[in-house]
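Please examine the sequence and the three-dimensional structure shown below. A briefing then follows, grouped by topic.

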Amino acid sequence: MSRRRIGFWYRLTAVLAKPPLVVLFKRDWRGMEHIPATGGFITAINHNSYLDPLAYAHFQYNTGRVPRFLAKAALFKAPFVGMMLRGTGQIPVYRESADAVGAFRAAVAAIERGECVAFYPEGTLTRDPDQWPMQAKTGAARVALLTRAPVIPVAQWGANEAMPPYAKQDKLRLFPRKTLRVKAGPPVDLSAYYDREPTAEVLRAATDDIMAAITGLLSELRGEPAPEEPYDHRKALARQRRASRGTAGEDAEHVGEHGSPERKESK
């Protein structure tokens with residue numbers, strides 16, 4: 001895609017956003033050669049800060065291929081927000097759709113037009129305590145298998161040091177000046193899944209391949225080994241509930257055997 005197709009609104013956003021990013025942050029950008037020069041493609045990025053989209057968009061804007069982010073279709077109906085989303089070419093996700101493919105029909109259409117569609121496969125900020133990528137949703141894999149477009153894994157680190165995820169205090173930590181690290185890798189090979197029915201198992205396997213590539217890149221950026229298994233937030237919550245029930249049961253058993261502290265003191 002040539003720069004002339006970036007569009008007025010995207011250029012305006014870049015003019016407003018780039019100067020403070022350049023002033024406030026240092027940059028460590030790697031792998032720009034993996035961003036395709038032409039044709040539609042998908043980027044899949046880890047998510048550990050609300051500043052992530054700015055860091056990643058800055059990285060890719062400088063390659064001449066702008067990312068189109070996914071947003072809930074309802075946001076496009078808001079007067080000002082909708083105008084900005086449409087003007088910058090962002091992609092509506094139709095979550096009310098009765099079928100999974102229909103939810104991403106605009107993303108598929110954008111890829112077929114030769115656009116880059118950016119996915120955060122985790123769907124939200126990672127819940128992993130050490131901020132590694134957690135188990136992801138299968139939307140990116142579904143669109144990739146439907147379009148057979150290249151999937152470029154992208155890892156980023158550093159925005160989370162300036163704005164940590166889920167921070168209750170010191171939500172913005174600009175100083176000392178942080179480094180925004182972004183690294184793109186070669187396309188993930190999903191060809192083994194192309195001629196198979198997109199069952200839940202196939203989509204999960206393809207998603208795991210995508211996330212493994214992202215996690216490997218992040219390991220290189222962080223300079224430390226990644227966990228052997230991705231964090232599964234649902235399983236972690238289930239373990240917490242079981243532990244809570246177990247503690248409650250032990251407390252009840254203790255009270256049953258010895259009586260409450262108040263009763264013992266009243267004797």
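The points below move from the whole chain to its sheet, its helices, its surface and its salt bridges.

This is a predicted model, in which local features need pLDDT of at least 70, side-chain atom pairs count only at pLDDT 80 or more, and totals for chains, interfaces and linings use all residues. Residues are numbered from 1 along each chain as its sequence is written, and side-chain values use heavy atoms, with hydrogens and water left out.

**The chain as a whole**

- The chain has ten helices and seven strands; helices (H or I, at least four residues) and strands (E, at least two) are DSSP runs, numbered from the N terminus.
- Of its 267 residues, 44% count as buried; buried means under 20% relative accessible area, exposed over 50%, and partly exposed in between (1.4 Å probe, protein chains only).
- Among contacts with a separation of 6 or more, 75% involve residues 24 or more positions apart, a contact being heavy atoms within 4.5 Å.
- The accessible surface of the chain comes to about 14700 Å², and 55% of this belongs to carbon and sulfur atoms; such areas come from the Shrake-Rupley method with a 1.4 Å probe, and for residues only the protein chains shown count as cover.

**The sheet**

- Seven strands form an open sheet in the order β1-β7-β6-β2-β5-β3-β4, with mixed pairing; two strands pair if DSSP finds at least two bridges between them.
- β1 (25-30) and β4 (91-93) stand at the edges with a single partner strand each, so one side of each has no neighbour in the sheet.
- Neighbouring strands of this sheet are turned by 30 degrees against each other on average, direction ignored.
- β6 and β7 (residues 178-184) run antiparallel and are joined by four bridges; Trp 157 stands opposite Arg 181 in β7.

**Helices and their packing**

- Helix α2 (residues 52-61) packs on the sheet, and its direction makes about 155 degrees with that of β3 (67-72); axes are lines fitted to C-alpha atoms, for helices over the stretch in contact, and angles run from 0 to 180 degrees between N-to-C directions.
- α8 lies across β1, β2, β6 and β7, at about 35 degrees to β6.
- Helix α6 (residues 139-147) has buried residues that include Val 143 and Leu 145, and their cover includes β2 (41-45), α5 (105-112) and α8 (200-222).
- Just after α6, Arg 148 takes a positive phi of about 60 degrees.

**A nonpolar surface patch**

- Phe 8, Leu 12, Val 15 and Leu 16 make a nonpolar surface patch of about 420 Å²; patches are made of residues with over 30% relative accessible area and no salt bridge, with like charges joined within 9 Å and nonpolar side chains (Val, Leu, Ile, Met, Phe, Trp, Tyr) within 5 Å.
- Leu 16 belongs to helix α1 (residues 8-24) and is exposed, with a relative accessible area of 61%.

**Salt bridges**

- The structure holds seven salt bridges, each a side-chain nitrogen of Lys or Arg within 4 Å of a carboxyl oxygen of Asp or Glu.
- One of them joins Arg 181 and Asp 28 (3.8 Å, N to O); Arg 181 lies in strand β7 and Asp 28 in strand β1, so the pair ties together parts 153 residues apart in sequence.
- Arg 204 forms a salt bridge with Asp 208, with the closest N and O atoms 3.5 Å apart; both residues lie in helix α8, four residues apart, about one turn of the helix.
- Arg 222 and Glu 224 also meet in a salt bridge (3.3 Å, N to O); Arg 222 counts as buried at 16% relative accessibility, whereas Glu 224 is partly exposed at 34%.
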